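Subject: The structure I promised you

Hi there,

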Amino acid sequence: MEKVLIYDQEKCAGCRSCVVGCSLYHDGECSKILSRINVVRNERYGESFVAGCDLCTDPPCAAVCPTGACSVDPVMGIAKIDPNVCIGCKECMIHCPFGAVKIHPATKKAFKCDLCEGREEGPVCADWCPSGAITWGDPDLAVKAKRRQKMQERINAATMAKEVS
Amino acid sequence: MDGWAGQRLRVDLTKGKITKEPLTLEYRKKWIGGRGFNSDVIYNEVPPEMSPFDPRTRVCFGVGPMNGTAAPSTGRVTVTCKSPLTGGFGDSSMGGHWGAEVKYAGYDQIIIQGKAKNPVYIWIDDDKVEIRDASHLWGKFPRDADTMIKEELKDEDIHIMLIGPAGENMVRFACTFNDVWRAAGRTGHGAVIGSKNLKGIATRGSGGVKIARPKEFMEVCNKLRQKFKNDPMKIGLYELGSLCLINFANKDGWLPWKNLQYGGTPLANNMSGETHSQTVLKHREGCYACPICCGRFTEIKEGRWAGEHFGGPEYEHAVPTGPRVGIIEDANDIWHNARLTNDLGMDGIETGAVISSAMEWYQRGLITTKDTGGMELEWGDEDVVDQLIQDIAYRRGFGNVLAEGASRASDKLGLGDDGQYYTIATRGMALPGDDPRGLGFGYGLSFAMGTRGGCDHLRSLCCLELSGALYPGLNTKYLGDERPQKPTTTAGKPYMVYYEENQKAVVDCLNVCCFTTHWSYAVLTQDQLDYFNACTGLDMTLDEFLEVGERVHNLERAYWALLMSGAREDRVPERFTNEPMPQHVDYQTNVGATLPIGEMLPKYYKYRDYEAGTGFPSERKLKQLGLGYVAEDIKPLRKKYMSETEKKKKKYYY
Amino acid sequence: MAVMNKQQAKKLAEMNDFFLDLLNLLKEKRVISNKEHRTFLLTGYEKLVEHLGKKKIISPVDAKKAMKSGFTSLVSSLSK
């Protein structure tokens, strides 16, 4: 399968390296507002959540766009926004289930994740994530690895139970 | 403007006045930011004779040009004021995300002065700044105040600096937090903030940081982040937190046991990073833009403290109210005590230090239950420690005496020089969890020479003698010699401490995390210069860059000189010179060691160009650093200092 | 280029902490200026060796060796 961004929320440490790398890569400026990926935290309980584009194959953001500015890119297979066509109506922003589409504070046009198109090493967020909360990989392989991990956990628990008894 | 925001915010709580002051390029090149900005303000605006609780005193929150950028670990904030613990120059640094938010709101520094009539908090919403009522927040733990402010301001995404009840009660070592749990621990600025009736500073910043040369900056940041992926310190810190040090500290005999009478305990593994991660670790956490993510979130699952949870602990946070007071059997007690000092808002190091000093006074019969209000200060008694931590925070009974810090408490109790011996402090500030008879002689030297009260591992953080072993050739690169890599040798240590102190000062001015530059050496001095230049658009040379560090260090040293503190106080606790390290752990490596401070100090003075008699920075050095006005301030004090030395004046503690 | 004799070299090589003494000697012999003394005191050993190599005070081979093996090698290259 094509590589996608895989989010493992349990591993998110809330550092926002993804956020700051994204804005630097795309805009040459470091800012949360300009970033196409977002991190939400509840510091009191140590909880963190990375909210990025989920790379829908049938994206609601494209479906609601009145001008076609937001449409599925035939090569990348995900929604891309053309700022030259975008009229800033915000329908995409409202309809994205993940809150991954934003409005640029200066241009007032919508913008979203473009998988750092053209970056050899792949998306910055996955490249820089220190905890493995975001990885850039084949989702089939990721799910297969998860199944094996769960199997191993079961084996370990069974072995321990046996030893105790 | 590139890098910097270009202005600082000044809030006068007496007058309710808010001003924004531009920072010239010349000023920014001279001091860079963070600690540099703060130290300059304290030197110029807080006269040495001013009481730390005088309403006219300043508390500074400094961020730097790198804050909020993609350089590794850019969330830190330096908090500086005249310390109520030592009476001298004091600062501390905290991680978290508030520093980036302050920068995004458009400020390089916040200066607080004056005193509000009633409890207040400050709300910074980009360029809108207001002073709001905090009477409903007074008395609250930072975790509760944080929740309440976010509800009040209807934004869960803001970041807030807060003090706890200990700061409100002006405990002399009360501390400051942001994002609830990230602490700026040392020197007692929480008490100064509390004395101003200030509960905290809530911040929302919607701006960004402009980068002068974005492509170049991206290249440097990317190169460094790739380096971190395989960095041995990163891996250890990410997996296990700073508690990864426990078993090393125990083996090399620098883990404080019973007020540093011993350098370890056979049961140390109970609180190791390995044990922590298998039993109570709930989440790993990272400060802003950090590639390491050493932060912990702990939840106690069993025993009398089951259900308690908190952010942390760090090594330095857990050890003082753990092994230092003789507690190691049940690690949950240690986690609980760390949770307490967090919720109450006190420096974990100083809290544990003052309790362990009191326990040793009790052990040696210097105090009795008459002094303690009936409490029997037995080593390892969790009931006593749990009670005392709270009594200190609320200034109750014997806790009220200890809330003054060990040096003052000793004098209050009339214990004379004997009492002071067991405070394990320099210039009135206690040693952290790092016995230099095992940690390293370089550290030992820097304990004597620290400019925020001695006994401080963070002024040099000369990890070249510690984690340096993980980076073959690094000692040779900077010092020309691999011998200094060994902790318990004096070889090369005077130069090591000189170099690392300057380097660390620059790191503090940049306000990036020293775990990226000193624990891990993934970010070398040259790398810091590269990302600084690319971010700000300047073309500083390496020596100009390091000179800023030397300038800041000397300014702070001069501030101590104004307080008549110099050569006489350049000492380490006599335990380290008088008492050979005893054996307490089978595999301990430093049995018999003492700290040969006398072999290193004179050479270090030469590196620093300090005068032999006074220990003051020389006029020549100060002028070289553009601090001629400081040289003039010190000039009239030399004679007085020397005559005091001749008259064998009592040691200066605070 | 010989900046010191073998006896001076031996003394330096045996020192517990040598860097300041080395820089002082190089300044005294006018191999480095006042400003350069100041620069290398701040920036450290590697920068000094780089400079000595560039100025041909020591050969490129000796500079490389000094980077790798440390000051005893440097001091040997600087002595006659």
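How many Å separate the centres of domain 1 of chain B and domain 3 of chain B, taken over C-alpha atoms? The answer is 27 Å. Before you go on, please keep in mind that this is a predicted model.

**Chain B as a whole**

Let's stay with chain B for a bit. Its C-alpha atoms fill a box of roughly 60 × 55 × 50 Å along the principal axes. You'll find 30 helices and 18 strands in chain B. Of the 654 residues in chain B, 65% are buried. If you take the contacts in chain B with a separation of 6 or more, 71% of them are between residues 24 or more positions apart.

Chain B is split into domain 1 (7-204), domain 2 (222-429) and domain 3 (434-646). Where domain 1 and domain 3 of chain B meet, domain 1 puts in 38 residues and domain 3 puts in 28 residues. On the domain 1 side, α1 (25-31), α2 (34-45), β4 (77-82) and β5 (89-94) of chain B each bring at least two residues. Helix α2(B) gives the most to that side, with 6 residues. Sorted by class, the domain 1 side has 12 nonpolar, 20 polar and 6 charged residues.

**Two helices that cross**

Now zoom in on α2(B), along with α22(B). A bit of background first: two packed helices are described by the angle between their axes and the distance between the axes. For α2(B) and α22(B), the axes come within 4 Å and cross at roughly 90°. Angles of 65 to 115 degrees count as roughly perpendicular, so that is what α2(B) and α22(B) are to each other. If you want to click on the residues, pick B:G34, B:R35 and B:G36 in α2(B), which meet B:A505, B:D508, B:C509 and B:L510 in α22(B). The residues of this contact divide into 3 nonpolar, 2 polar and 2 charged.

**A buried strand**

Next, have a look at strand β6 (residues 109-113) of chain B. Why is β6 of chain B described as largely enclosed by the rest of the structure? Because 5 of its 5 residues are buried. A residue is called buried here if 20 or more other C-beta atoms lie within 10 Å of its own. Both faces of β6(B) are covered, with B:Q109, B:I111 and B:Q113 buried on one side and B:I110 and B:I112 buried on the other.

β6(B) also has partner strands. Strand β1 (residues 7-12) of chain B pairs with β6(B) in the parallel sense, over 5 bridges, and B:R10 has B:I111 as its bridge partner there. Strand β3 (residues 58-62) of chain B pairs with β6(B) in the antiparallel sense, also over 5 bridges. In that pairing, B:G62 stands opposite B:Q109.

**A three-stranded sheet**

Chain B also has an open sheet of 3 strands in the order β14-β15-β16, with antiparallel pairing. β14 and β16 (309-311) of chain B stand at the edges with a single partner strand each, so one side of each has no neighbour in the sheet. From one strand to the next, the twist averages 15°. β15(B) and β16(B) run antiparallel and are joined by 3 bridges, and B:F297 has B:G311 in β16(B) as its bridge partner.

**Where the chains meet**

Finally, the other chains. Which of the 2 pairs of chains that touch has the most contacts? That is the pair of chains A and B. Their contact takes 36 residues from chain B and 23 residues from chain A. On the chain B side, the elements that give two or more residues are α4 (142-152), β13 (209-210), α7 (214-229), β14 (281-285) and β15 (295-299). That side has 18 nonpolar, 10 polar and 8 charged residues. There is strand pairing across these chains as well: β2 (residues 29-30) of chain A and β13(B) pair in the antiparallel sense over 2 bridges. A:E29 stands opposite B:K210 in that pairing.

Chain B also touches chain C, with 23 residues of chain B in contact with 14 residues of chain C. Here α21 (474-479), α22 (493-510), α25 (542-562) and α27 (597-608) of chain B each supply at least two residues. By class, this side of chain B has 9 nonpolar, 5 polar and 9 charged residues. As for chain A and chain C, no contact joins them, and their closest C-alpha atoms lie 30 Å apart.

Note on methods
Residues numbered from 1 in each chain as written. Chains lettered and ligands numbered in written order. Predicted model: local features only at pLDDT ≥ 70, side-chain atom pairs only at ≥ 80, totals over all residues. Contact = placed C-beta atoms within 7 Å. Nonpolar A, V, L, I, M, F, W, Y, C, P; charged D, E, K, R; others polar. Pairing = 2+ DSSP bridges. Buried ≥ 20, exposed ≤ 12 C-beta atoms within 10 Å, placed from the backbone. Domains from an automatic or database assignment. Axes fitted to C-alpha atoms, helices over the stretch in contact; angles between N-to-C directions. Parallel < 35°, antiparallel > 145°, perpendicular 65-115°, else oblique.
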